[in-house]
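Hi everyone, thanks for coming. Please have a look at the sequence and the model on the screen, and then I'll walk you through a few spots.

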Amino acid sequence: MNRYLRELADRKLALRLALAGRVHQYPEVQALKRFLSAFAVDCLFDVGANRGQYATMVRKDAGYKGLILSFEPNPDVFAELQRHAASDRNWHVFNMALSDFDGTASFNIMAADQFSSLKKPSGEQDAIFADRNKVTKTVEMQCRRLDTMLPELMAQYGFARPFLKMDTQGHDLSVCEGAGDVFGKMLGVQTELGVRPIYEGGAGYRAMIDWLEAREFIPSAFFANNKGHFPLLVEMDGIFVNRTLVGD
């Protein structure tokens with residue numbers, strides 16, 4: 001009976017996502033729903049939060065009820081993120097970037113703000129992105145390393161089983177490197193994996209997977225992170241599990 005109820009709930013979710021034009025998110029929602037529950041994640045780092053789309057998705061679609069800490073550098077977009085989080089006492093937002101240093105840096109605001117990044121657009125990016133992924137202005141932004149922030153945040157919010165999600169437009173590897181030794185405290189990681197170049201100096205999917213594997217983070221799920229650009233895959237997301245903490 002329980003299996004049939006789960007299948008019915010899954011079909012209802014798939015239909016709801018399809019009606020909202022979000023059916024491509026079904027594999028991500030299912031993977032997160034299972035991962036966050038199975039490993040009792042109690043804090044979700046939402047790095048590169050934009051307007052809070054991811055946090056809203058894990059709340060409404062994946063059923064996650066724990067702490068969310070969202071980081072968004074773009075000051076204009078951050079104002080919207082702040083409004084979305086205001087009614088949720090377990091959702092806290094920070095107007096800063098996470099990187100591999102503590103200090104300030106120029107943050108590139110792109111024509112389509114979801115492409116904004118500490119990186120510059122690649123001259124080799126597909127033509128489909130050229131009008132949207134171009135710099136319209138830059139702002140000076142505070143950057144922090146995760147290893148200098150994590151002890152402060154753990155003391156303030158009292159979590160012990162964090163999960164790191166990154167959507168930093170080519171900067172995910174720098175976020176990981178800025179975690180230093182505390183990276184191993186993450187139960188899992190969700191990262192954007194670039195298959196075709198969009199940003200200068202952005203880590204390709206092979207390099208990112210190899211970096212994570214060297215630190216005992218192994219693949220749990222892969223899925224396209226958008227509706228796709230047939231026939232060539234541009235980006236995908238991967239969820240990786242920390243083998244040293246959760247085993248096989």
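What covers the buried residues of helix H4 includes strands S2 and S3. Before going on, a word on what you are looking at: this is a predicted model, in which local features need pLDDT of at least 70 and side-chain atom pairs count only at pLDDT 80 or more, while totals for chains, interfaces and linings use all residues. Residues are numbered from 1 along each chain as its sequence is written, and side-chain values use heavy atoms, with hydrogens and water left out.

Helices (H or I, at least four residues) and strands (E, at least two) are DSSP runs, numbered from the N terminus. Buried means under 20% relative accessible area, exposed over 50%, and partly exposed in between, with a 1.4 Å probe and protein chains only. Contact means heavy atoms within 4.5 Å.

Back to H4, then. Which of its residues are buried? In this helix, residues 75-85, they are Val77, Phe78, Leu81 and Ala85. Looking down the axis of H4, these buried residues fall within an arc of 100°, so they line one face of the helix. The arc here is that of the directions from the helix axis to the C-beta atoms. As a reminder, an α-helix has 3.6 residues a turn, so residues three or four places apart point the same way. At the N-terminal end, H4 is capped by Asn74, with a side-chain oxygen 3.1 Å from the backbone nitrogen of Asp76.

Grid points are joined across faces, edges and corners, and a volume is the space filled by probe spheres set on the points.

The largest pocket holds about 1,100 Å³ of space. It is lined by 46 residues, and the closest to its centre are Gln114, Asp167, Gln169, Glu192 and Asn225. Which element gives the largest share of that lining? Helix H3 does, with 5 residues. By class, the lining has 14 nonpolar, 18 polar and 14 charged residues. For that count, Ala, Val, Leu, Ile, Met, Phe, Trp, Tyr, Cys and Pro are nonpolar, Asp, Glu, Lys and Arg are charged, and the others, Gly among them, are polar.

The second largest pocket has a volume of about 250 Å³. Of its 18 lining residues, Gly170, Gly194, Gly202, Ala203 and Gly204 are the closest to the centre. Strand S8 gives the most to this lining, 3 residues.

Let me finish with a few single residues. Gln169, one of those closest to the centre of the largest pocket, sits in the loop between S7 and H7. Gln169 is buried, at 7% relative accessibility, and has a positive phi near 55°, although not a glycine.

Asn50 lies in the loop between S1 and H3 and is buried, with a relative accessible area of 10%. Its phi is also positive, near 55°. A polar contact of 3.3 Å joins the side chains of Asn50 and Asp113. A polar contact is a pair of N or O atoms within 3.5 Å; within protein, one must be able to donate a hydrogen and the other to accept it, and residues adjacent in sequence count only if both atoms are side-chain atoms.

Methods
1 Å grid on protein atoms, 1.4 Å probe; cavity = no way out; pocket = protein on both sides within 12 Å on 5 of 7 lines; lining within 4 Å.
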